[in-house]
Structure formats: structure tokens, C-alpha cells
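Here is the note you asked for on how the two chains come together. Please read it beside the model.

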There are 2 protein chains.
Amino acid sequence: MSPTSSLQPLERVRVAVDCMGGDHGPSVTLPACRAFLASHPNAEVLLVGTEESLRPAAGWSRCTLVPASEVIEMDDAVEVALRRKRDSSMRVAIAQLKADDEGHAAADVSVSAGNTGALMAVARYVLKTFAGIDRPAIAALLPNARGGFTKVLDLGANVDCTAEHLLQFAVMGSALVSALDGKDEPSVGLLNIGEEAIKGSETIKRAGELLRAAAAAGQLNFHGNVEGNDIFKGTTDLVVCDGFVGNVALKTSEGLAGMLTQMIKQEFSRTPMSKLAALVALPVLNRFKARVDHRRYSGGALLGLRGLVFKAHGSSDAFAFERALERAYDAARNRLLDRVHDRIRDTPAVLPTAPDEPAAAHAA
Amino acid sequence: MSPTSSLQPLERVRVAVDCMGGDHGPSVTLPACRAFLASHPNAEVLLVGTEESLRPAAGWSRCTLVPASEVIEMDDAVEVALRRKRDSSMRVAIAQLKADDEGHAAADVSVSAGNTGALMAVARYVLKTFAGIDRPAIAALLPNARGGFTKVLDLGANVDCTAEHLLQFAVMGSALVSALDGKDEPSVGLLNIGEEAIKGSETIKRAGELLRAAAAAGQLNFHGNVEGNDIFKGTTDLVVCDGFVGNVALKTSEGLAGMLTQMIKQEFSRTPMSKLAALVALPVLNRFKARVDHRRYSGGALLGLRGLVFKAHGSSDAFAFERALERAYDAARNRLLDRVHDRIRDTPAVLPTAPDEPAAAHAA
């Protein structure tokens, strides 16, 4: 069914890394890059940052140092990132994805732990969106009870989404699942307040119609409406929602997980007897902790741009940043950009059919 | 600051119970009522249901049997509940709240575990909303890390809310916190995707303006924007949101809690050693389980109606239904209806100022 299922994986993957982004900058990004290079023999990295910060990486193999004189701070306004800091490590890293006149780009994917608003704005300005995509979206991976990850988008980039935006999210998100999990036709759920098609806001009802039409045309595997609990159940591979709703769902989950963790700690340290129980239960509790460790799935993908940009969580430590690098590597290797591009082109029923420019990095 | 802080608690509280509602009907509601009566000497109950179902309760003290010939099923459409089953236990229970010509009602509060859509429709039809309130809202109590409960509304009754609706939720929710926790000026958070006032959808920004104006006029204690994680942190006493967003946040939390519980079970039953650890840790894990037991806070209050209606979770067992009865009792005893009414009347800056009819149950 999918025209992209025959795409061959990339043999080498070039990852442009914004080494200055995030709460910890090079002290986290450099060790993560080094570990990532060691475990991924087909990877190359372009380390972007100030010359002094990158000095420890001089001489690493499969590694190019790309100087940038400025740093976007975590609390810089979008305007500052966009207009004043034109030589920021974030922007230079993203610019590595731009194809030259012959269609060649320096990197296949870019990763930053920098501030989300700035990253979205800079990526959109530098790379532009595909024809048919109004606004890029952020997709995240949330662990589910089936032992996998449910992909959810949008997570905060777009408020006041239209039904057409939600359809675009479904199209792009399907490509993401295909690239990360190898599923040709991932199931898509529309986040709603009930499973019945008649429920929800006018926007949601109309999005349901568009999704059913796209499914009838063989362009999507639309499961139907899903509810908030289905995200963690893993009912569908993908859940699409308005960025406002998605952000609230994500943050609420983080809050609940934090509270439950705190409560478990409190209960196990209440009495001498419970402290003893904690000692015995420690290996089990640690395995549980590792499974729900948010560092394993922090960050996400920016979809809809003419270049692959991955966001790591601002508070990432080296372990979390390395996971983001791996995810970006997998996505680029499995040609997520081409998959998104092909899927958008193949959804003519609802999306614009105007001839599209070639994708930034892998144009023919 | 609050004009209602001088309200005296009711000396006796009459609770009308829809005994047929919920997944289990009288087999759950009757034992719950009996236990509730035993622990609340100032309570009276009006048990509403078919004559045969209520037979076990014949002769209970402080208890009146009120016959109703029909039962609204959990999957009955709203139209069926409203138009065809006019003598349903749900409707008859709610009708006990209606004041007669002299301003006297048979009950102070009504509780049902019946289907939410039907309950909302029937309650609205029988009781009507206060002037200034367009649509009733559902408020729920979610446990927070401070050991208390954050009140959240709306949870699924209203999609496509306007800024004015969100202000109404804040006004009514403040009255709920006052009645349940005895706080005169509970703090109110507006659920958003960032703390800054400039974030969010147009509706949210406008709601922020209305809430700030109401706070400046001394009618509310507006904390500002809060994010999803603040619900479980307990940052504010009350969180207001669109019913769509609230429902997704609630269901997502339920899904996450379910997944984490399942993971803990899996980890503790993985090996003989971890099963042994489970035995040792059992008392601690059980205490944890009791703290997060959703039966302690299932259900919620329907606010904005000219009568107090509480909703218990459809799947309530006797323990959960008794908690709902207690909450309804506390709210009625602390005159939630008058508090809501007074607060609505005292928010003339934004809400209509037309003279209001007296509240259903406690009119002078």
C-alpha cells in the first residue's frame, strides 16, 4: 500500500548536533556524541558550537567540527533567536540540512536540546515546510503497556488547529512510525472525549470525516476516535491531537508520574520496617524505574519541515541526549524525510496537489 | 472577602440517592447508603428506585423509600433518558431537589452513578441553570502531591468553551473548594501550555484577561496560568479548563496510572526472587495502592444547576459510592448551592446582572 516501503536505508548517516543547546551544553552533548559514535559505526557527526567548547572533540574520528560564534539561551525569545543570533549553534546545525544547488546537504538530520520555541522558529525559517503543510508539528514517543511507544502529535507547537492540520499530523505521524518501527501502515487514532464518531468539538468531528475519507482512499490506516487512556494502553500506533491538548496530556502525565514516584518513596521510608522492605525490593523497584525512565523517550521529532530536526529535552543528561541521537539516526537511516514527503504527496484528496519542491537533504 | 463565609452549615442533610444507577445498581448503592447512614447521624436518605429493589431497605431509620418505575441504562441515549423514561429513578431523585411553591425541597443533594450524559441532561432539564450560567460543568477531585485534592473543571460536559465559560467555571469551582475544604479564597489556575500570559489559544488568552479582571475586582483569587503537571503538584486549589482538555487530561492520567500499576506487578512477579521481594514489600505497596485508589476520588459535582447533583463513577463499588455520598453530604452541609449562587451574583463585572430566581433547595 505504501509507496515508500521500498525505500532503501541510508548506508551512512550524518548527524548535525547543536552542542551548545540544553541546560548543560557541551558537558552533556560531547560525551553523548562520543558514546553514540562508538556504538554506531555508520554514523558521522557534525559538532556545532563555539571553537573553545568543541576543543575536547578535536581528533575524534567520523567527526567534523563546525564553528558557530553564538549560543541561543534557554530563555531567549523567539525574536532574539531568529533575528539577532544569526550565527547561533542551533541555526548553523539546522543549516547543515539545506541542500546546495546540486541537491546535496552536509547532514541528514539535526539534533538540539535547545529551547523549543526557538528551535521551531529557526527550523521553519531556515528549512521551510513542505507544500501542503501549514505548520510543523512536534511528535513525541510515550511508553505504552504493550512494551512499545505510542507516537503522539502535536505536542505544543500548534494551538487552535483546524481539521486539516489534524489530517496533516496523521499523514506525517504515519511516516514517523514507519521510519522508527518499520510498520508500513501504522494505525492512527484521533484523540477525543469518546469513541463515538458523533462526540467532540466541531473541529474534531470534521477531522474524523477527513481521516475516514483518507482511509477510504487507502492513504491512512484510521482506527477511529481514541481517548486519553488509549495513549498508554497503546491502542493505536499513532495518536493525533491539537497541540494544546497534546501538551496538557503530556505535562499532566509527567505530573502524575512525579507524584506517584514521590508517594512510593514516602511509603518505603515511613518506618524502619518499610525501609527494610525497600532494601529487599530495591532491585525490582530499580528495574521498574528504568522502564519508566523518562530519559528513554524524552524529546521528539519536528515534522513537516524540508529537513529532519530532532529535539532532545532541555534537561537531558548524556544518557538522554544519546537516546535522542539514536532516535534521530534511526529516523534518518530509514528515510523519514522521504517518507513524510511521499505521504504528503500521496494524500491529494485533501491536501494541496501543487507540484512540490524536492526535499532538502535527499533530493534525487 | 467572601460574602458566603458567614453561612452556617446545615444541621441535617437530606440526600436523594438514585439507587438504580451505575454498573451494579442496588447491590452497591444500598450497602453504601446503609454504611453512610451509620457514620453520619445528621444525614437522612431518600432511596429512589423500583419498589422491589428497595425492599431490603424497608424499616431503616432516617430513610425514606421513593418509588420510581423506570431505570436509565448505562448505554441509554440522552433522548431516551429525557423523553421516554419520565419516571426513571435518576429523574425522580433529581426532582427531590426542586422547591415547591413555598420554597421547600424534599432533599438537599442528589447522588447518582448513572450515565453521565443522561445525568447532565436530566439535571439540566429538571433543575435549570442559574442565571449567568450557560451550561453546567463537571468538577472532579484529583489527588495531589501535597496530600490534598486539586479540584478540576470542566471534565467532559462542555466542548468548545468560550472565555466566559471558563470564568464561570472559576467562579463555581471556587465555591466548591470553599464548601469542601473550608477555604474562603481558593487559588485558581487556568490550564495552559505555558505559564506566560501570552501563551495559548485566543480563548485562553481572553479567559486570562477575564480572570485577571475578576481578581482585580476582588471576586476571585487568580493565580495565573498553570500547566498539566500542576494538577498533581497541587499548585492551585482549583484548575479550570475546557471540557475537552479536562477529559483528555483525566483519561490520560487514568491510563498512565493503569500502566504503571501493571508494570509494578510485572516487575514483582518476574522471578522467584522478585516474588519474595513482593511479599516483603506487600504492606508498603498496599499502603501506596490505598493512597492512589481511584475509588477515593471517583465521580464529581455538577455545578451551575439550581440544585446540587453529585455523580459517582459508573463502576463504583460500595466503598466508592459511599465516598461519593460523603462528598455530597459535605458539600450540601457546607451549603455549596448558596455559595455558588452568591458567587455568581457577586461577579457582575462580567456575568449578567439580571435579578436571579432563588436557588432550588435553600431559598429563603
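1. Basis. This is a predicted model, in which local features need pLDDT of at least 70 and side-chain atom pairs count only at pLDDT 80 or more, while totals for chains, interfaces and linings use all residues. Residues are numbered from 1 along each chain as its sequence is written, chains are lettered from A and ligands numbered from 1 in the order in which they are written, and side-chain values use heavy atoms, with hydrogens and water left out.

2. Symmetry. Chain B is superposed on chain A by a rotation of 180° with 0.0 Å of shift along the axis, at an RMSD of 0.0 Å (least squares on the C-alpha atoms of residues with pLDDT of at least 70 in both copies). That is the relation of a two-fold axis, and 100% of the contact residues of chain B recur in chain A, the same surface serving both copies.

3. Extent. The contact (heavy atoms within 4.5 Å) takes 48 residues from each of chain B and chain A. Together the chains bury about 4,600 Å², 74% of it on carbon and sulfur atoms; buried area is the accessible area (1.4 Å probe) lost on being put together, summed over both parts. Ile193(B), Phe244(B) and Arg291(B) supply 14% of the area that chain B buries against chain A, more than any other three residues.

4. Charged pairs. Between chain B and chain A there are 2 salt bridges (a side-chain nitrogen of Lys or Arg within 4 Å of a carboxyl oxygen of Asp or Glu). Glu227(B) and Lys251(A) meet through their side chains in a salt bridge, at 2.3 Å from N to O.

Note on methods:
Buried area is the accessible area (1.4 Å probe) that two parts lose on being put together, summed over both.
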